[in-house]
Amino acid sequence: MASNPPGKCCTVGVKHDGESTGADIKVGKHAAYLATPDPAKAHKDTAILFLPDVIGIWQNSRLIADQFAANGYLTLIIDLFNGDPVSLNPQPGFDIFAWLEKGTNGDNPHTKEYVDPIVVEAIKWLQTEKGIKKLGSVGYCFGAKYVARHFENGINAGYMAHPSFVDEDELRGFKAPLSISAAETDQIFPAEKRHRSEEILKEVGQPYQINLYSGVVHGFAVRTDITKKHEKFAKEQAFYQAVQWFDNFLL
């Protein structure tokens, strides 16, 4: 594995204040959120597909998508969980592995066999409905796996923050520029997995970047406590890292 399976740290964090400016839409039968840039600043024929953590489409992810749009990128968050995301800070005893395998009610799995078609549908929607020719994708925690898995379906550049359960072969198969934000303290993407990822990306031979942020934990790029100065700085810098990566490799 290039990163470990998900754990409790994938579900906890802090909700951020702010008013989202995008639109809740449907992509086929799936819920989605579309953040649209000012036409005067928009990057033509270019978009970002936002593949979220297990909390799905919620306040924090919407605000991040809005910020990508403010930087000129049409940004689509797709519901990877068929209406069954994990609630932020779930009750004690929540079993994330049972949720992955069967969903909350036992009939809605969230394994790759079910998630992959949703990602493909979102990519095709951006290409056909929005005329997108250059596609970047961001994956936070759970979503990082599906950035790696869908290079061949049209992703031209990728960004991952604190990736969760990405297989080595999946990482090796992403043959496009890839940037990763990593937390100093992260049992899902610890130092040994980070170093192994470096080895794999060097083998692949595409441009890559792995930035390590001190004083933060898994999930910091989405769910950190921004009332703490160093955590807020790390979250903001991870976002700028993604924007600068796409500015260089998509435009």
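Predicted model: local features only at pLDDT ≥ 70, side-chain atom pairs only at ≥ 80, totals over all residues.
Residues are numbered from 1 along each chain as its sequence is written, and side-chain values use heavy atoms, with hydrogens and water left out.

**Exercise 1.** State the strand order of the open sheet and find its edge strands.

*Solution.* 
- Take strands as DSSP runs (E, at least two residues) and helices likewise (H or I, at least four), numbered from the N terminus.
- Call two strands paired if DSSP finds at least two bridges between them.
- The order of the eight strands is then E1-E2-E4-E3-E5-E6-E7-E8, with mixed pairing.
- E1 (23–27) and E8 (208–217) each pair on one side only, as edge strands.
- Inside the sheet, E2 (residues 30–35) runs antiparallel to E4 (residues 74–78) over four bridges.
- Leu34 has Leu76 in E4 as its bridge partner.

**Exercise 2.** Describe how H3 and H4 cross, and list the contact residues.

*Solution.* 
- The axes of H3 (residues 112–129) and H4 come within 11 Å and cross at roughly 65°.
- H3 and H4 are therefore roughly perpendicular (65 to 115 degrees).
- Contact means heavy atoms within 4.5 Å.
- H3 contributes Lys112, Val115, Asp116 and Val119; H4 contributes Phe142, Tyr146 and Arg149.

Key. Axes fitted to C-alpha atoms, helices over the stretch in contact; angles between N-to-C directions. Parallel < 35°, antiparallel > 145°, perpendicular 65-115°, else oblique.
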